[in-house]
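Hello,

Here is the structure I promised to pass on. Have a look at it first, then read my notes below.

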Amino acid sequence: MKRAFYIGRFQPYHLGHHAVLTKIADEVDEVVIGIGSAQKSHGLSDPFTAGERVMMIRHALEDINIRHYALPIEDIQQNSIWVSYILSRTPPFDVVYSNNPLVIRLFEEADITVLQSPMYQRDVYSGTEIRKKMIAGEKWEHLVPPTIADAIEEIDGVARLRSVSMTD
Ligand code: ATP
Ligand code: MG
């Protein structure tokens, strides 16, 4: 049984994440998905709760044939012990998939294999770009799997993001 670890904030889950997870599903038996900054929600960069992100990942992975564990991971402000912190709350895994330089560095220093995947149209498939479009009232639905657009509608996510983008 080969198990991979993949971490992101998924604010929201988009087609870039989906492409990486599709590739992971081809290469391993199970994937552990860390939902980073799990304590954050109702913010401009982090509008969705950990539970809402668990739901998005569950819906999105119905399309992909792999067993997954989506686990909320709160931030700790101490990079030197971050890998131990991750290992203390995840099922055992053999390999990490990441493109994030800090994540790659921390796992490699702990002698854990990290595989980098190509970025899929990073200029469009980006959480930051999708949140900007939501606030601006532009089309964003084509940048996420259809099930994610439905889930965001169900929780009235765009209205929430617009509310938290306003000042008093
Ligand atoms: P934000 O702009 O909010 O940071 P993001 O698009 O970077 O959102 P994250 O949840 O921060 O998404 O990223 C999780 C992981 O997914 C990171 O390792 C990131 O490099 C990777 N990732 C993000 N976009 C893409 C993409 N288009 N193709 C491949 N990997 C991606
Ligand atoms: Mg990011």
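One cut-off to start with: a residue is called buried when its relative accessible area is under 20%. Please keep in mind that this is a predicted model.

Take Ser-37. It sits in the loop between strand S2 (30-35) and helix H2 (50-60). Its relative accessibility is 8%, so Ser-37 counts as buried. Which residues is Ser-37 in contact with, leaving aside its neighbours within four places in sequence? They are Arg-9, Asp-46, Arg-53, Ile-73 and Asp-75.

Next, the largest pocket. About 960 Å³ of space lies in it. Its lining has 39 residues, and Ile-7, Gly-8, Arg-9, Asn-100 and Val-103 are the closest to the centre. Strand S1 (3-8), helix H1 (15-27), helix H4 (101-109) and helix H5 (127-136) each give two or more residues to this lining. H4 has the largest share, with four. By class, the lining holds 17 nonpolar, 16 polar and six charged residues.

Then the nonpolar cores. In soluble globular proteins, nonpolar side chains tend to be buried together. Here the largest core has 35 residues. Tyr-13, Leu-21 and Ile-24 have the most contacts inside it. Elements that supply at least two residues each include S1, H1, S2, H2 and strand S4 (95-97). Not counting residues up to four places away in sequence, Leu-21 touches Tyr-6, Tyr-13, Val-31, Ile-33, Leu-61 and Ile-64. Another core, of 16 residues, lies apart from the largest one. Among its members are Phe-5, Val-83, Val-103 and Ile-104.

Best wishes

Note on methods: Residues are numbered from 1 along each chain as its sequence is written. Chains are lettered from A and ligands numbered from 1 in the order in which they are written. This is a predicted model: local features need pLDDT of at least 70, side-chain atom pairs count only at pLDDT 80 or more; totals for chains, interfaces and linings use all residues. Side-chain values use heavy atoms; hydrogens and water are left out. On a 1 Å grid over the protein atoms alone, a cavity is a set of points where a 1.4 Å probe fits but cannot get out, and a pocket is an open set with protein on both sides within 12 Å along at least five of seven lines; lining residues have an atom within 4 Å of a point. Grid points are joined across faces, edges and corners, and a volume is the space filled by probe spheres set on the points. Ala, Val, Leu, Ile, Met, Phe, Trp, Tyr, Cys and Pro count as nonpolar, Asp, Glu, Lys and Arg as charged, and the others, Gly among them, as polar. Buried means under 20% relative accessible area, exposed over 50%, partly exposed in between (1.4 Å probe, protein chains only). Contact means heavy atoms within 4.5 Å. A nonpolar core is a set of buried Ala, Val, Leu, Ile, Met, Phe, Trp, Tyr and Cys residues joined through side-chain atoms within 4.5 Å.
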